[in-house]
Amino acid sequence: VQEAVTRGKFDKYIYSNVPNSFNPSLAYGFDVLTTLLHDDVIDKSDFRRGKKTNNNLWGNKNSILTGDYLLGRCFEIMVEDGSLEVLKLLSSVSSEIAQGEILQLQHEKEVETLEKTYLEIIGSKTSSLFAASMRVGGCINDKSKNEKEALTSFGFNLGICFQITDDILDYYSDKIAFGKVIGNDFYEGKV
């Protein structure tokens, strides 16, 4: 991503390989990449699933700016697409993720973090993204309000399960299987 953005080839590549009907999904994908790029900088992660992180390869400044670029493109694509429902959804989930990151920072190194606080953090940081992903699918397929709510609920709960599993693996896995340094969350005070 970094190389394509800096060489000005990113948009040309994306638009030559993705049909217009996928614009909301593409925008959502940019939003996800943005959160991963920023999260790796915040967490000082050198690896994600066994691969070097963007900040490890290119540095924190480039990683943040690439994430900012992708977020900007996310919203440009949604404006071009004209789907106000998806634009509103991606705008609100971006804010919610940032609020979750801030909440996590506020509770850093608290050994006695309450379950309620933990669930609020992962609900904002991870589950909101999963929920939005599922809802975007309902939006671009013109599903009913009830179907969109069911998709959102499923995505949110799947996100909770994913994050709890990821956090458990941080304590009980090995670097080869997990693809990142084990215990990193603990050492960073994310108990």
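In the predicted model, Ile168 lies in helix H8. With a relative accessibility of 45%, Ile168 counts as partly exposed. Together with Leu119, Ile164, Tyr171 and Tyr172, Ile168 forms a nonpolar surface patch with about 490 Å² of accessible area. The main contributor to the patch is helix H8 (residues 145-172), which gives four residues.

The secondary structure of the chain consists of ten helices and two strands. Their order from the N terminus is α-α-α-β-β-α-α-α-α-α-α-α. Of the 191 residues, 40% count as buried. Among contacts with a separation of 6 or more, 64% are between residues 24 or more positions apart.

The largest nonpolar core has 19 residues, and Ala27, Phe30, Met78, Val86 and Leu90 have the most contacts inside it. At least two residues of this core come from each of helices H3 (23-42), H5 (60-81), H6 (84-106) and H7 (115-140). The most is given by H6, with six residues. In soluble globular proteins, nonpolar side chains tend to be buried together.

Helix H5 has 22 residues and should span 32 Å at 1.5 Å a residue; its end C-alpha atoms are 31 Å apart, which agrees. The buried residues of H5 include Leu70, Phe75, Ile77 and Met78, and also Ser63, Thr66 and Arg73. After H5 comes Gly82, with a positive phi near 85°.

The count of salt bridges comes to five. One of them joins the side chains of Glu85 and Lys148, at 2.9 Å from N to O. Glu85 lies in helix H6 and Lys148 in helix H8, so this pair ties together parts that are 63 residues apart in sequence. Glu85 is partly exposed, with a relative accessible area of 37%, whereas Lys148 is buried at 10%.

A salt bridge is also formed by Glu101 and Lys125, whose closest N and O atoms are 3.6 Å apart. Because Glu101 lies in helix H6 and Lys125 in helix H7, the pair ties together parts 24 residues apart in sequence. Both Glu101 and Lys125 are buried.

In the salt bridge between Glu149 and Arg135, the closest N and O atoms are 3.1 Å apart. This pair links Glu149 in helix H8 with Arg135 in helix H7, 14 residues apart. Glu149 is partly exposed at 41% relative accessibility, while Arg135 is buried, with a relative accessible area of 15%. Through shared partners, salt bridges join Asp39, Glu101 and Lys125 into one network.

Technical notes
Residues numbered from 1 in each chain as written. Predicted model: local features only at pLDDT ≥ 70, side-chain atom pairs only at ≥ 80, totals over all residues. Heavy atoms only, no water. Core = buried A, V, L, I, M, F, W, Y, C linked by side-chain atoms within 4.5 Å. Buried < 20%, exposed > 50% of the residue type's maximum accessible area, 1.4 Å probe, protein only. Contact = heavy atoms within 4.5 Å. Patch = residues over 30% accessible without salt bridge, like charges linked within 9 Å, V, L, I, M, F, W, Y side chains within 5 Å. Areas by Shrake-Rupley, 256 points an atom, 1.4 Å probe, with all protein chains shown as cover. Salt bridge = Lys/Arg side-chain N within 4 Å of Asp/Glu carboxyl O. Expected span 1.5 Å × (residues − 1).
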